[in-house]
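These are my notebook entries on a single model, written with the sequence and structure open side by side. I went through pairing, packing and backbone geometry in turn.

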Amino acid sequence: MEIVPYGGWNRCLRLTDGRIEIIATLEVGPRVIRFGFVNGKNEFAEFSHQMGKVGGSEYRSYGGHRLWIAPEIPGKTDLPDNESVTLTQEGDCAILTASLQEQTGFQRELRIALKNKKVYVEHRIVQRMNYRDEVAPWALSVMAPGGVGFFPQEPYQSHQERLLPVRPLVLWGYTDMSDSRWRWGRKLVRLKQAPIEAPQKVGALVTAGWGGYVNENVLFLKRFPYIPNARYPDFGCNFETFTRHDMLELESLGPLSVIERDSYVSHEEVWGLWENFSLPEDDDEAVAALQKPLRELFS
């Protein structure tokens, strides 16, 4: 664990095991602004016009990975996080705590540990004031442009085997299912990032608990919980993916929970990276190629 300059900021946390590294900003955020192989490219997007900036009332995404709050309510859940964060440590876990948002009483926290070639990120939303809210933690990884995102379809079952539906697939007002960036496969749903202005987004209940992104032969996978019978935001989504001209997001969500003063909700993701990976066009071949990385991610 060390403090380094990065991207125009003077103080950032760096964690590495010699193979992969993560860098999180300490002057704004919390943001994990970089995740990649040591001496390799950043798998997360960086928005150059926002890098290194601090303070101000304008919301900035910066890129990287962030913690948001669902359901999305403009003026409440998208408040700027342009102030410094507090860094503490518990064992091998680095804890990044944001400033208190007095308008809502929320305080966001990322707890990050790097072990066994994987990154463990716990997302906490703490209520510090006398407010009572029903919220869900929302973990957004903003991926660098040029790749393909994907998430699994539910296992196939015949009409005779299963009469009831297996999950929701949620659309936004701007979702165009005929857009060429989508590929609605039998085993995978794929969304290609491309320099096209029009955004695209879908949400789903992903009971398998994983999604991924392949960019320049590097595979990024994240795993996240699926809790049966939990009430998830956005008509029942624990996973969403969004793209526009300069990035693609892989987003996981926790269940909706009521939090009151000095209580919190928590949501964990686990990340992994694999080199020299190519995602086959054929769905069966693609799922076969993903089996070894998925076993390692869930081990």
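**Entry: strand S3 and its partners**

I looked up the bridge partner of Leu 15 and found Ile 22, in S3. The model I am reading is a predicted one. Strand S2 (residues 9-16) and S3 are antiparallel and share five bridges. I note that the two form a hairpin with three residues between them. Gly 18, in that turn, has a positive phi of about 90 degrees.

I then followed S3 to S4, where the pairing is antiparallel over six bridges. Here Ile 22 stands opposite Phe 35 in S4. S3 and S4 also make a hairpin, with five residues between them. In this turn Gly 29 has a positive phi of about 115 degrees.

Which residues of S3 are covered on each side? I found Ile 20, Ile 22 and Ala 24 buried on one side, and Glu 21, Ile 23 and Thr 25 buried on the other. I record S3 as mostly covered, with six of its six residues buried. In a regular strand, side chains alternate between the two faces of the sheet.

**Entry: Phe 35 and the cores**

I listed the contacts of Phe 35, leaving out residues up to four places away in sequence. Among them are Ile 20, Glu 21 and Ile 22, as well as Lys 41, Asn 42, Glu 43 and Phe 44. Phe 35 also touches Val 119, Phe 220, Trp 271 and Leu 273.

I next looked at the largest nonpolar core, which has 42 residues. The residues with the most contacts inside this core are Val 32, Phe 35, Leu 96, Ile 112, Val 119, Phe 220 and Trp 271. S8 supplies the largest share of this core, four residues. Apart from this core lies another, of 15 residues, including Val 214, Val 270, Leu 294 and Leu 297.

**Entry: the open sheet**

I traced an open sheet of 10 strands with antiparallel pairing, in the order S6-S7-S8-S9-S21-S17-S16-S11-S14-S13. Strand S6 (86-90) and strand S13 (182-184) are the edge strands, each pairing on one side only. Neighbouring strands are turned by 20 degrees against each other on average, direction ignored.

Within the sheet I checked S16 (residues 210-215) against S17 (residues 218-223), and counted six bridges in the antiparallel sense. Val 214 stands opposite Leu 219 in S17.

Which helix lies across these strands? I found helix H2 (residues 283-298), which lies across S16 and S17 as well as strand S9 (118-127), strand S11 (148-152), strand S14 (188-192) and strand S21 (264-274). H2 runs at about 60 degrees to S17.

**Entry: a loop glutamine**

I located Gln 101 in the loop between strand S7 (93-97) and strand S8 (106-115).

**Entry: cysteines**

I searched for disulfides and found zero in the structure. Cys 93 is in none, and its nearest cysteine sulfur, that of Cys 12, is 18 Å away. Cys 93 is buried at 15% relative accessible area, and Cys 237 is buried at 0%.

**Entry: backbone exceptions**

Most residues other than glycine have a negative phi, and most peptide bonds are trans. I therefore looked up the departures from this pattern.

The peptide bond from Gly 29 to Pro 30 is cis, with omega near 20 degrees. Pro 30 sits in the loop between strand S3 (20-25) and strand S4 (31-37). A cis bond also joins Ala 70 to Pro 71, with omega near -5 degrees. I placed Pro 71 in the loop between strand S5 (65-70) and S6.

Asn 39 has a positive phi of about 70 degrees, although it is not a glycine. Asn 39 belongs to the loop between S4 and S5. Because its relative accessibility is 79%, I recorded Asn 39 as exposed.

Asp 234, likewise not a glycine, has a positive phi near 55 degrees. Asp 234 lies in helix H1 (residues 233-236). With a relative accessible area of 25%, Asp 234 is partly exposed.

How values were computed:
Residues are numbered from 1 along each chain as its sequence is written. This is a predicted model: local features need pLDDT of at least 70, side-chain atom pairs count only at pLDDT 80 or more; totals for chains, interfaces and linings use all residues. Side-chain values use heavy atoms; hydrogens and water are left out. Two strands pair if DSSP finds at least two bridges between them. Axes are lines fitted to C-alpha atoms, for helices over the stretch in contact, and angles run from 0 to 180 degrees between N-to-C directions. Contact means heavy atoms within 4.5 Å. A disulfide is a pair of cysteine sulfur atoms within 2.5 Å. Buried means under 20% relative accessible area, exposed over 50%, partly exposed in between (1.4 Å probe, protein chains only). A nonpolar core is a set of buried Ala, Val, Leu, Ile, Met, Phe, Trp, Tyr and Cys residues joined through side-chain atoms within 4.5 Å.
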